[in-house]
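Dear colleague,

I am handing over the structure we spoke about, with notes on what a geometric analysis found in it. Please look at the coordinates first and then read on.

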Amino acid sequence: MREPAWDFIEELKKPLHTAKPVFWRERAAGDNALSLADGICVRMDFDDRDGVLETALADFERFCRVLEINARNEKAVSLVIERTETGCGETFRFIVQPGGMTLQAAGPEGVRRGLVCIEEGILAAGAPVLPYQRIEKRPFIRTRLSRCFFGPIKRPPMNRDELEDDVNYYPDEYLNRLAHEGVNALWLTITFRDTVPVTVLPGFGRRADVHLPKLRETVKRCARYGIRIFVFFIEPTAFIDERDHSRYADIRLYEKDYPELMGSRQGGLTCFCPNSDLARSFLYEASNNLFSEVPGLGGMIDISVGERLTHCASGYSDHNNCPRCAGRQPSEVLADVLTSLQRGMRDADPDAEFISWPYSQYLLWGADGTAEAAGKMPESVILQHNFESSGLVEQLGRVRRADDYWLSYTGPSELFRRTALEAQKNDTRIFAKLQVGCSHEVASVTHVPVPGILYDKYKRMRELGVSGAMQSWYFGNYPSLMTRAAGRLSFEPWNDNKSDFLYRLALPDWGPYSRDVARAWELFQEAYARYPVYHVFGYYAPVHDGPVWPLYLKPVNQPLIANWKYMPEFPVHGDRIGECLQDAFSLEEALLLTNRMRRTWQQGLKILEKIEPAFEGDTDRLRDINTARALGILFASCCNILRFYQLREEMADLTGAPALACLRQLEGLIHAEKKNSRTLAECCMTDPALGFNSEHEGFRFYPEKLSARIGRLEEVLDTDLPQTEERLRQGLLPFPVYTGQEPDRPVYVCRPESGVSQPGEQTAKGMNGHFSVSYTDESIIWRVGFSGKAQPFELHLMSRRLWPERVYRFDPRKGSTTLKITDTLRPPQIIGQLPTKVTDEGTVEVRLPFTEIERPAAHRFNPLRFNIIIDGGWVNRPVVGHRLAQSSLNPDRYGWLQFAD
């Protein structure tokens, strides 16, 4: 089916000011306020020789015209705009007194911020009046970075580059919205190889003739709204033996003539070694040429450690085998890269900012190494860390770890706190990487309305001396309540009363209903804090797009799809629900938390729905309510899907009346999901951006896809359900092939351990060995034999049918068998080791306690899915496509272990 057009782009192009608020009233000013009924006359005593304020003044004029407070006669109130020393350029002072209004600022961006403040004040009054007051605002978050909501991401599988086409990704009114919400910088992706010509090395800047003109045009276009452009890259590029790879340079072009650049070799990659004059010259020239060719470029952001291999210290701190820098400290190697890039940029533009973002440095260098490196940043380089990564939070009596990006978890992590404090000792500016609008928890909505969480985050950022924020990744950047809240929270003086902040935030949009709306936001925050804190749940759980998930009454044992990425190799979600939970949460725990989230969210939604009739005709406010309603549907659908597969798993081992009772509940959930799909489709008709995920570069759900899902659910009700019910009424198990009672693949019959050798050794084509299995009441004993010395092998177990396999790897060097973790972000304490014995005859004996594989006593001796890999496997299937934090093992690659009496 065909995705809908991106009509939300046309919405973003529409003027910001189009109509009076529905609560607007003409009323007298009273004794302590200034009447604006006769209009506002702007008098510029501010030298704007570059015309930077033309857009801000035009916006203010339109605002006044829409509210009918434009200057009509000589009685119009004067607004004098004058240049005054107020500190930094964005600081402004606004004074309202009986004689008129004065706006003072040291720079044009202070004027821009002040005009927005005046607009919000008039809207908050709900009438053409302003109270007498004196307001002074100064930013403590001085750099506030966001990104184009619909810009290409320059990543596989589409590899679209916004500098390659003639599309304007920054239309005027879109920029105007961002400027109103406090965004003063945007980032876009480049690579040196495509964009930056360098003389000391061939093969760079191959598309500079196309990229640089458009980049210059973008810089100029955005500067008209006080928004700077930052380039984002992951440089320097490592080398690979593969021509025209999208992320790495072809080593064949450089290894012979430039051997000094060949650094640490890890896997099939060779890192860029920065420890030579040539390397330093390359890095200097790359940044210097870029900023010389693009005047006014705001800065650059480099993922300097952690996303993928680049320089010699970009991997694990103890894996550097470079012949030149293996003996150096990782921070010294990193400093070579950062110093050269920084010097090149500063020599071209002293005002530009260089942000070093070691995205997952803590996983590679350890927490101590990461904190230590924060105190050794080169002069003038800004350090940016994820605000929440490695944070610990207690849920349901257990400590959970928050990795990657989070909105529901406030933070900061102890890791961020340590790096911020170390950076301060070194006089290094510290930035926070945040997700302001939405994050991996649910990224298929324009925003999650939880401004109270942002209040808590920014309060803690202020306490830690944070002076900048990268407010989004590819998603989480749609102009919304949340970006506006972040903009307000970035300025001092600070309001220490969160309830008061929420109320004042609501006033310009909701007027007399602001107390109600602030209360709804408080409930939304309470609800959202119950989101299960585990990054894999955010990546794969049915929260983003549950209402388009199939519901498989008959098991298919197929993988889940990453929620942030278009993956053509995985066209539809499967039923392996345990892949979104792994070892972090049980299904029961996830259901408990998501149900609490759903119920509390509905309480807040009821408040908004109660006031909804008052905003009939106000598209923006109706869309705000619509977004909250859509989130309620997504949360409800997630609960239903988790419960569906919990019930189906329970029913799989039952017969008769208990199984039929499960089936009736499953039927009810299918009907509930039909309703959720239908209602969400109605929400999509209200908001053309709903369902769009910027990193996916498309829609996760839309009306046609939701309708198709309803059709599939009806097929389940018409066909699969009656067939299953018929089996149950005959007293049969519902899915005997799935549960191993009627296996459709190899079976090994496991017998009780007797202490003596038993027949039953098995092998298979391609296996370099043989195995046998026995059991006791407490353990399963695996014996793997070889013709000579013991060799590495893997034991794959699917102890829970829809959960990821547990892979135990035997290491003959250590004589031990260890649990292999697929998800590198998972806490290290999950790794376990099994009792292992190696005999002189080349046989390895591994004892696997039933408690280790978490088999409940009632199902301990049910058939168990397994496989043994000794070079080849007992059962072989091709691997599935790569999915982040998931195994690429095919879930169909298994046989059955049956337990005989």
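Phe8 is buried, and so is Phe149, where buried means under 20% relative accessible area, exposed over 50% and partly exposed in between, with a 1.4 Å probe and protein chains only. This is a predicted model, in which local features need pLDDT of at least 70 and side-chain atom pairs count only at pLDDT 80 or more, while totals for chains, interfaces and linings use all residues. Residues are numbered from 1 along each chain as its sequence is written, and side-chain values use heavy atoms, with hydrogens and water left out.

Aromatic contacts

A search of the whole structure gives 61 aromatic pairs; rings of Phe, Tyr and Trp (its six-membered ring) pair if their centres lie within 6.5 Å, and planes under 30 degrees apart count as stacked, over 60 as edge-to-face and the rest as tilted. In one of these pairs the ring centres of Phe8 and Phe149 are 5.3 Å apart with their planes at 75°, so the pair is edge-to-face. Phe8 belongs to helix α1 and Phe149 to the loop between β8 (143-146) and α4, so this pair ties together parts that are 141 residues apart in sequence. Helices (H or I, at least four residues) and strands (E, at least two) are DSSP runs, numbered from the N terminus.

For Tyr455 and Phe501 the ring centres are 5.6 Å apart and the planes are at 40°, so that pair is tilted. It links distant parts of the chain, with Tyr455 in helix α11 (residues 451-463) and Phe501 in helix α13, 46 residues apart, and both Tyr455 and Phe501 are buried. One aromatic cluster includes Trp6, Phe8, Phe149 and Phe150, together with Tyr169 and Tyr174.

There are also charges placed over rings, which requires NZ of Lys or CZ of Arg within 6 Å of the ring centre and within 35 degrees of the ring normal. The charged end of Lys433 sits over the ring of Tyr405 at 3.9 Å from its centre, and that of Arg883 sits over the ring of Phe570 at 5.5 Å from its centre.

Pockets

The search used a 1 Å grid over the protein atoms alone, and a pocket is an open set of points where a 1.4 Å probe fits, with protein on both sides within 12 Å along at least five of seven lines; lining residues have an atom within 4 Å of a point. Grid points are joined across faces, edges and corners, and a volume is the space filled by probe spheres set on the points.

The largest pocket holds about 1400 Å³ of space. Its lining has 47 residues, of which Arg247, Gly306, Glu307, His882 and Leu884 lie nearest the centre, and it divides into 23 nonpolar, 13 polar and eleven charged residues. Here Ala, Val, Leu, Ile, Met, Phe, Trp, Tyr, Cys and Pro count as nonpolar, Asp, Glu, Lys and Arg as charged, and the others, Gly among them, as polar.

The second largest pocket holds about 1100 Å³ and is lined by 38 residues, with Leu16, Arg177, Asp509, Asp620 and Arg621 nearest its centre. The largest share of this lining, six residues, comes from α17, and the lining as a whole divides into 14 nonpolar, nine polar and 15 charged residues.

Strand β34

All seven of the seven residues of strand β34 (residues 864-870) are buried. Leu864, Phe866, Ile868 and Ile870 are on one side of β34 and Arg865, Asn867 and Ile869 on the other. Strands pair if DSSP finds at least two bridges between them: β34 is joined antiparallel to strand β28 (residues 793-798) by five bridges, with Leu795 opposite Ile868, and to strand β36 (residues 895-899) by three bridges, also antiparallel, where Trp896 is the bridge partner of Arg865.

Backbone points to check

Most residues other than glycine have a negative phi, and most peptide bonds are trans. The peptide bonds from Gly411 to Pro412 and from Glu492 to Pro493 are cis, each with omega near 5°. Asp244 has a positive phi of about 55° and is exposed at 53% relative accessible area, and Asp427 has a positive phi near 55° and is exposed at 73% relative accessibility.

With best regards
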